[in-house]
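Here are some notes on the model for your reading. Please keep the structure open while you go through the points.

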Amino acid sequence: FLLLLGAKALNLVKKLLIGNLFGVSAVADAFFAASYLPYYVAILFEGILFLGFLPLFAQLISEKGREEANQFVSEALFLIVLLTGLFVLSSWIAAPWIIQQLVPGFTLQERELTQSLFQISSLVVIFLSLCSFFRALNSHFEHSIFAASSGAVDAVITVIVILLSWKLWGNYGGAWALVAGAFGSFIFQAFFLCRKYSVFSSTFFNQMVWIRKFIFFLIPVTIIWAFQQVPLVILNRFGSGMWEGTISALAISQALTTVPMGFVSHTILLLVFPSLAKQATEESQENVKKTFFQTLRAAFFILIPMGFLLSGLARPVTVLFFGGSDAGGESTLRIANALTCFGWATFALYSDLFMTQSLIAIRKIWPAIILSAIRALLTYGIGYFLASVWDYQGLALSFSLALVINLFVLTYVTSYLDR
């Protein structure tokens with residue numbers, strides 16, 4: 001618990017440092033627009049590994065023994081390296097088109113900078129995905145302290161590299177710092193696991209049954225992930241056509257809201273979802289419902305007051321972190337206004353994430369797809385209207401409103417837990 005709390009605090013320090021160094025500017029817009037997609041692709045692989053790979057690995061050990069489980073580990077690692085490597089390669093080749101789609105409102109010079117930063121940041125996907133792979137195994141073997149420490153290692157290395165490289169390389173130093181942090185956390189997790197356990201096999205793809213199950217799990221989860229990215233794509237696409245600094249103001253304010261939510265969600269990912277997946281496998285539906293609602297209530301108890309507090313104290317919180325930096329005056333006001341629109345819906349953002357992950361964990365994929373698709377449509381529809389009448393604040397508010405409205409849909413979807 002303390003390590004997760006420390007990791008989230010350090011992650012906040014990392015984001016605040018970047019926000020203070022870059023300020024709210026076109027340069028900051030380029031950095032945030034370039035780095036968000038690689039990080040969310042890495043989150044996709046994290047979800048796949050914890051919700052797909054780990055339950056299959058545990059099932060294999062109990063049913064087939066350690067040797068076949070180790071073979072599955074080797075096959076899954078090869079597949080993760082292959083897929084993430086292909087993503088990086090395609091990102092480098094297709095970077096001009098991807099950036100044009102993400103930020104069509106940028107000038108040519110801003111797009112060129114964003115493209116270069118995106119190509120560097122794409123390497124994060126490989127290292128964070130490998131970190132998640134070894135972290136999932138460390139979690140399975142009940143080394144929760146080391147599994148929970150990956151975020152702290154990432155944040156510390158990133159902050160150190162940024163401070164050392166900022167004056168020399170500027171934005172590029174920031175991008176390479178993200179890569180260094182991801183690489184360091186991967187090495188830390190891999191070193192600890194391999195020092196303690198032998199989990200790999202020299203035999204590859206002899207029996208394709210289990211790896212096929214893993215691949216089939218990848219497809220629907222990727223569809224869900226794609227729908228979940230639509231709101232973020234909308235923030236970047238619409239924001240790129242507004243005043244200079246819109247994307248960075250939205251990114252910085254959203255970073256402040258996701259820290260409490262991220263702490264709760266990572267705690268649950270490490271401690272609750274393995275139990276939830278096991279209960280679903282054992283067909284103990286009553287236990288699944290009990291675990292689900294207890295976890296949701298506990299999270300709401302923390303996040304509802306914290307979210308409204310963030311919105312109510314948006315101005316002093318922003319001044320506290322950014323008042324003495326380059327992000328002063330009007331820029332600070334814009335961050336505070338965006339934080340006001342984002343903060344209060346923190347509980348709904350968590351609900352959306354938790355419900356989707358829970359449905360995936362108990363293998364109810366279609367409700368998860370529907371939930372993500374409805375939120376994407378709501379964000380686009382509300383955002384198109386509010387952004388035209390209330391600028392960046394309308395864009396931020398549309399993100400929150402879509403989450404809260406979708407919460408009512410979420411309540412209906414929980415009925416699937418009864419079936």
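1. Is D391 buried, exposed or partly exposed? D391 is partly exposed, because its relative accessible area is 30%; buried means under 20%, exposed over 50%, and partly exposed in between, with a 1.4 Å probe and protein chains only. D391 sits in helix α16 (residues 365-413), a helix being a DSSP run of H or I with at least four residues, numbered from the N terminus. Although D391 is not a glycine, its phi is positive, at about 55°.

2. This is a predicted model, in which local features need pLDDT of at least 70 and side-chain atom pairs count only at pLDDT 80 or more, while totals for chains, interfaces and linings use all residues. Residues are numbered from 1 along each chain as its sequence is written, and side-chain values use heavy atoms, leaving out hydrogens and water.

3. I18 belongs to helix α1 (residues 2-22). With a relative accessible area of 6%, I18 is buried. Leaving aside residues up to four places away in sequence, I18 touches G23, F31, F32, I162 and L178; contact means heavy atoms within 4.5 Å. I18 and G174 are 156 residues apart along the chain, and their C-alpha atoms are separated by 7.7 Å.

4. I215 is in helix α9 (residues 209-240) and counts as partly exposed, at 31% relative accessibility. I215 and L79 are 136 residues apart in sequence, yet 8.9 Å apart in space, C-alpha to C-alpha.

5. L82 lies in helix α3 (residues 66-102). At 40% relative accessibility, L82 counts as partly exposed.

Notes: Helix = DSSP H or I, 4+ residues; strand = E, 2+ residues; numbered from the N terminus.
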